[in-house]
Amino acid sequence: MNTREDKFSRAMVETPPSGIRKFFEMLIGHDDVISLSVGEPDFPTPWVMREEAYYHLEKGHTSYTSNWGLIELREEIAAYMERYGTSYNPANEILVTVGASEGVDAVLRAVLNPGDELIVCEPCYVNYVPLAHLTGAKIVRLDTSVNGFYPTAEQFERLITPKTKAIMFCSPSNPTGTMVPRAELEKIAALCVKHQIWAIADEIYCELVYDGNAHTSIGSFPGMKDYAIILNGFSKSFAMTGWRIGYICACEELMAQIVKLHQYNTICAPIFSQYAAVEGLRHGWGEVEKMRVSYQQRRNLMYKAFCDMGLPVPEPTGAFYMFPDISSTGLTSEEFATRLFQKHSVAVVPGSAFGQAGEGHIRCCYATAIDKIKIALDYIHDFIGECR
């Protein structure tokens, strides 16, 4: 007879709930809370995209699409990716997914076997490690906090073994907002070619970069067409979080495996979301730029405030997160976030949610109205004074 513990998947039981969603759930029913926790734009999806979705709903275009997604969307994605020096065949090298999160799951399951090693750069987005754990792979953690919160080729080289199957990173980063410099990315790409390992790159924040910086895709370097796996989507740059629309770009050989999982677990992304995404890639860039400029203004405000508080913090060059060091308060990141919420009704995410390398920090999202950011920063300032 099975014990109660055997009724469930051991891997699933061992998987912790999302540290971000935990604090999001705390907000429910608290209308007075200022949230700097969930990474969601405070802008609505651009009107041209909403209008396009309305049009197709009115026309009754509510069917399944190809498992791969609408061909016109894949063609637009292929054209977009060419801006970053990459070339993908829309017929069999681009897959439209239900958000970039589905893409992460599909890629990891298509690549990893039990016992394979995956090098994950921490602190990292909360779904990388749990989804990799479910494959039975061994997670090897690379601590970027010792190097300004981006990985180096030298760090990867020290961790690569004969069992290494892939590396995984996000640039611009969630939760730190840092970017891997182009020169370092080129070295990392060469390393992947040398050792013949996959480079899984989450590039969903690539349009949200500041101070004249430009995003570089790891897929653009020589030899990387056979090793780069690009994850991207529309949630962040186009403010389409609820539309659940993302995509994967990779070589034909790998995509033939990934699409099988997609066929079985989702079939296809919502059709009206796909039509809206097509319109965004064609005519939505002006709105994307307005949002980017606004985020940069908010970043400047938040960065100065944390510096004035005496909190060490890397200045974000992309995304819409800040990752200040709160260790001087003597509190763990979980204690800091919980007490700040309880005493001042401000929600942030503890750095420990993003891996052990994030302990001693909190993640603050500045995709929030600027007046609310100012109030939240005043409360954080007061709370730090109370702790000290």
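## A pair within helix 7

Arg158 and Glu154 both belong to helix 7 (residues 153-159), where they stand 4 residues apart, about one turn of the helix; helices here are DSSP runs of H or I with at least four residues, strands are runs of E with at least two, and both are numbered from the N terminus. The two side chains form a salt bridge, with 3.3 Å between the closest N and O atoms, the term being used for a side-chain nitrogen of Lys or Arg within 4 Å of a carboxyl oxygen of Asp or Glu. Arg158 is exposed, at a relative accessible area of 59%, and Glu154 is exposed as well, at 55%; exposed stands for over 50% relative accessible area, buried for under 20%, and partly exposed for what lies in between (1.4 Å probe, protein chains only).

## Basis of the model

The model is predicted, so local features are reported only at pLDDT of at least 70 and side-chain atom pairs only at pLDDT 80 or more, whereas totals for chains, interfaces and linings use all residues. Residues are numbered from 1 along each chain as its sequence is written, and side-chain values use heavy atoms, with hydrogens and water left out.

## Other salt bridges

The count of salt bridges comes to 15. One of them joins the side chains of Arg141 and Glu122, at 2.6 Å from N to O, and this pair links distant parts of the chain, since Arg141 lies in strand 4 (residues 138-143) and Glu122 in strand 3 (residues 117-122), 19 residues apart. Arg141 is partly exposed at 47% relative accessibility, whereas Glu122 is buried at 3%.

In helix 11 (residues 285-308), Lys290 and Glu287 are 3 residues apart, about one turn of the helix, and their salt bridge has its closest N and O atoms 3.2 Å apart. Lys290 counts as exposed, at 54% relative accessibility, while Glu287 counts as partly exposed, at 34%. Elsewhere, a network of salt bridges links Asp211, Arg299 and Glu315.

## Cysteines

The model has 0 disulfides, a disulfide being a pair of cysteine sulfur atoms within 2.5 Å. For Cys121, which is in no disulfide, the nearest cysteine sulfur is that of Cys124, 8.3 Å away; Cys121 is buried, with a relative accessible area of 6%. Cys364 is likewise in no disulfide, the nearest cysteine sulfur being that of Cys365 at 9.1 Å, and Cys364 counts as buried at 0% relative accessibility.
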